[in-house]
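Q: Please look at the structure below. I would like to go through some of its packing with you.

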Amino acid sequence: MENSTEATEFILLGLTDDPNLQVPLLLIFLFIYLITLIGNGGMIVITYSDSHLHTPMYFFLSNLSFADLGYSSAVAPKMVAALQSGNKVISFNGCAAQFFFFVGFATAECYLLASMAYDRHAGVCRPLHYTTTMTAGVCARLTIGSYVFGFLNSSIHAADTFRLSFCGSNEIHHFFCDIPPLLALSCSDTRISKLVVFFVVSFNVFFSLLVILISYLFIIAIQRMRSVEGRKKAFSTCASHLTAVSIFYGTIIFMYLHPSSGQSMDTDKIASVFYTVVILMLNPLIYSLRNKEVKSAVWKILSKFYPQSLRLSRK
């Protein structure tokens, strides 16, 4: 491509050029993506099919699963297809669309995790007022607000990133269209774009983290005045959410709020695999493995389809 020509397509170089690793990586990521679809899709179906799970906590959890499905599907299918066919080309508009949906759903997840922390605070600290605090209207507004902020954020980043000139190499050193490799590829002055990324990501991450931290500080303060049994029950309720928050925010901060010269693009790829693929598979497991209500709902659904087999297995 000549220096005077604007890019009309990009080449996603992927995780590795080693031909011996293409098939193993294809099988691994295809398996992870299928588990992600089954796990998160199953969580949505279970939540809406069992009336016992029609509570604020599971409403937010089903929306978290929807966000996970959204930004997993923005990245994983193209990555799997490139590994299978060897065709690593993505159009300019395709790259912009992938970028837009990935950033939108990922940002929405930040605010959904904050909403879940507020819900846990209301449930643990003000149990007698819980039903009047977390009404259907409040839950709907918090969820809609999460998606509005998410896609407003992705609109800002997409408009700022894809207004840049890409007149040199069109090879993206990544497996999807993300901000750092795109800025590294641009032949425009990216100083303002980098500042936009830093300040907007900082606001989204630290505002939602502040809500989470304040919610849990109140929960901890309340639990110090309660019995040991009460503390255990509260901790078991919040443990899965804290696990998901720690993993998600840790990788986001590592990826987008480090100094630009602090690490290599290969390190960024490894971190990206973790939060774009692995975490999305783990979230349904984190929230369901120790959850008796979810297990009971799964058993009810399975008993409708395989009543005789399940009755025999329980004997």
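Q: What does Ser72 touch, not counting residues up to four places away in sequence?
A: Ser72 touches Tyr33, Thr36, Pro77, Thr276 and Leu280, where contact means heavy atoms within 4.5 Å. This is a predicted model, in which local features need pLDDT of at least 70 and side-chain atom pairs count only at pLDDT 80 or more, while totals for chains, interfaces and linings use all residues. Residues are numbered from 1 along each chain as its sequence is written, and side-chain values use heavy atoms, with hydrogens and water left out.

Q: Where is Ser72 placed?
A: Ser72 is in helix H2. Helices (H or I, at least four residues) and strands (E, at least two) are DSSP runs, numbered from the N terminus.

Q: Is Ser72 buried or exposed?
A: Ser72 is buried, because its relative accessible area is 3%. Buried means under 20% relative accessible area, exposed over 50%, and partly exposed in between (1.4 Å probe, protein chains only).

Q: And Val23, is that one buried or exposed?
A: Val23 counts as exposed, because its relative accessibility is 52%. Val23 belongs to helix H1 (residues 22-49). Its C-alpha atom is separated by 7.3 Å from that of Leu83, 60 residues apart along the chain.

Q: Stepping back, how many helices and strands are there?
A: The protein has 11 helices and 3 strands. Their order from the N terminus on is β-α-α-β-α-α-α-β-α-α-α-α-α-α.

Q: What share of the residues is buried?
A: Of the 315 residues in the protein, 47% are buried. As for contacts between residues at least 6 apart in sequence, 78% join residues at least 24 apart.

Q: Now the helix pairs. At what angle do H3 and H7 cross?
A: The axes of H3 (residues 92-125) and H7 (residues 191-223) cross at roughly 15° and come within 9 Å. H3 is therefore roughly parallel to H7. Axes are lines fitted to C-alpha atoms, for helices over the stretch in contact, and angles run from 0 to 180 degrees between N-to-C directions. Angles under 35 degrees count as roughly parallel, over 145 as roughly antiparallel, 65 to 115 as roughly perpendicular and the rest as oblique.

Q: Is that crossing of H3 and H7 left-handed or right-handed?
A: The H3 and H7 crossing is left-handed. A crossing is left-handed if the near helix is turned anticlockwise from the far one by less than a right angle, and right-handed if clockwise.

Q: Which residues meet there, in H3 and H7?
A: Those in H3 include Thr107, Cys110, Tyr111 and Arg120, and those in H7 include Phe203, Asn204, Phe207 and Gln223. By class, the contact of H3 with H7 has 16 nonpolar, 6 polar and 1 charged residues. Here Ala, Val, Leu, Ile, Met, Phe, Trp, Tyr, Cys and Pro count as nonpolar, Asp, Glu, Lys and Arg as charged, and the others, Gly among them, as polar.

Q: How about H3 and H5: at what angle do their axes cross?
A: The H3 and H5 (residues 136-161) axes cross at roughly 145° and come within 7 Å. H3 passes H5 in a right-handed crossing. Their contact comprises 14 nonpolar, 11 polar and no charged residues.

Q: Which residues does Leu112 contact, leaving aside its neighbours within four places in sequence?
A: Leu112, which lies in H3, is in contact with Asn63, Leu64, Ala67, Thr143, Ser146 and Tyr147. Leu112 and Thr143 are 6.7 Å apart, C-alpha to C-alpha, and 31 residues apart in sequence. Leu112 counts as buried, because its relative accessibility is 0%.

Q: Changing topic, how many aromatic pairs does the count come to?
A: The count comes to 20 aromatic pairs. Rings of Phe, Tyr and Trp (its six-membered ring) pair if their centres lie within 6.5 Å; planes under 30 degrees apart count as stacked, over 60 as edge-to-face and the rest as tilted. Tyr71 and Phe102 form an edge-to-face pair, 5.6 Å centre to centre with 70° between the planes. This pair links distant parts of the chain, with Tyr71 in H2 (residues 56-85) and Phe102 in H3, 31 residues apart.

Q: Is Tyr71 buried or exposed?
A: Tyr71 is buried, with a relative accessible area of 0%. Phe102 also counts as buried, at 2% relative accessibility.

Q: Which residues do ring pairs link into a cluster?
A: Ring pairs link Phe66, Phe100, Phe101, Phe105, Tyr147 and Phe151.
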